[in-house]
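Thank you for asking me to look over this model. My comments follow as numbered points, beginning with the core and ending with the overall picture.

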Amino acid sequence: MYNKTRTPAIAKKRYLQVSLEDKDKLKSDLIQVLNNPSRSYFSKKLNAGIVDISVTLFSAITDVFKKYDITDCWTIEEI
């Protein structure tokens, strides 16, 4: 049976660790990686996470957070 996990890809607590100065830059970078400029889409991903994230997207988001010196941006949990 398929085991679903929810991956809060844009971990809210990590996002909140960024300084106010860098928050807009981080948000812009993440929106570009997610390839969707909608504020509601970004907010949904920030708060609810991503189910079954691709390796490519996982790597891209990790790289964005690394630019802001955040290396542990993932929380994986069962749904």
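1. The largest nonpolar core of this predicted model has 17 residues, where a nonpolar core is a set of buried Ala, Val, Leu, Ile, Met, Phe, Trp, Tyr and Cys residues joined through side-chain atoms within 4.5 Å, and where buried means under 20% relative accessible area, exposed over 50% and partly exposed in between, with a 1.4 Å probe and protein chains only. The residues with the most contacts inside this core are Tyr 15, Leu 26, Leu 30, Phe 42, Ile 61 and Phe 65. Two or more residues are given to it by each of helix H2 (20-34), H3 and helix H4 (55-67), and the largest share, four residues, comes from H2. Helices (H or I, at least four residues) and strands (E, at least two) are DSSP runs, numbered from the N terminus. As background, nonpolar side chains tend to be buried together in soluble globular proteins.

2. A word on conventions. Residues are numbered from 1 along each chain as its sequence is written, and side-chain values use heavy atoms, with hydrogens and water left out. Since this is a predicted model, local features need pLDDT of at least 70 and side-chain atom pairs count only at pLDDT 80 or more, whereas totals for chains, interfaces and linings use all residues.

3. Which residues of helix H3 are buried? In this helix, residues 39-48, they are Phe 42, Lys 45 and Leu 46. Seen down the axis of H3, these buried residues fall within an arc of 100 degrees, so they line one face of the helix; the arc is that of the directions from the helix axis to the C-beta atoms. An α-helix has 3.6 residues a turn, so residues three or four places apart point the same way. The face of H3 turned away from the buried side carries the exposed residues Ser 40 and Lys 44, and the helix is followed by Gly 49, whose phi is positive, near 90 degrees.

4. Not counting residues up to four places away in sequence, Asp 29 touches Val 64, Lys 67 and Tyr 68, contact meaning heavy atoms within 4.5 Å.

5. Ile 31 is also found in helix H2 and is buried, with a relative accessible area of 17%. Leaving aside neighbours within four places in sequence, Ile 31 is in contact with Asn 36, Pro 37 and Phe 42. From C-alpha to C-alpha, Ile 31 and Ile 61 are 9.9 Å apart in space, although 30 residues apart in sequence.

6. Apart from neighbours within four places in sequence, its contacts are with Tyr 15, Arg 39 and Phe 42. The C-alpha atoms of Lys 27 and Arg 39, twelve residues apart along the chain, are separated by 10.0 Å.

7. Two loop residues have backbone angles to check. Asn 35, in the loop between H2 and H3, has a positive phi of about 60 degrees although it is not a glycine, and at 67% relative accessibility it counts as exposed. Asp 69, in the loop between H4 and strand E3 (77-78), has a phi near 60 degrees, a positive value in a residue other than glycine, and at 72% relative accessibility Asp 69 counts as exposed.

8. For the overall picture, the protein has four helices and three strands, which follow the pattern β-α-α-α-β-α-β along the sequence. Buried residues make up 35% of the 79 residues. Of the contacts with a separation of 6 or more, 73% are between residues 24 or more positions apart.

9. On confidence, the mean pLDDT (the predictor's confidence in each residue, from 0 to 100) is 77, and 77% of the residues reach 70 or more.
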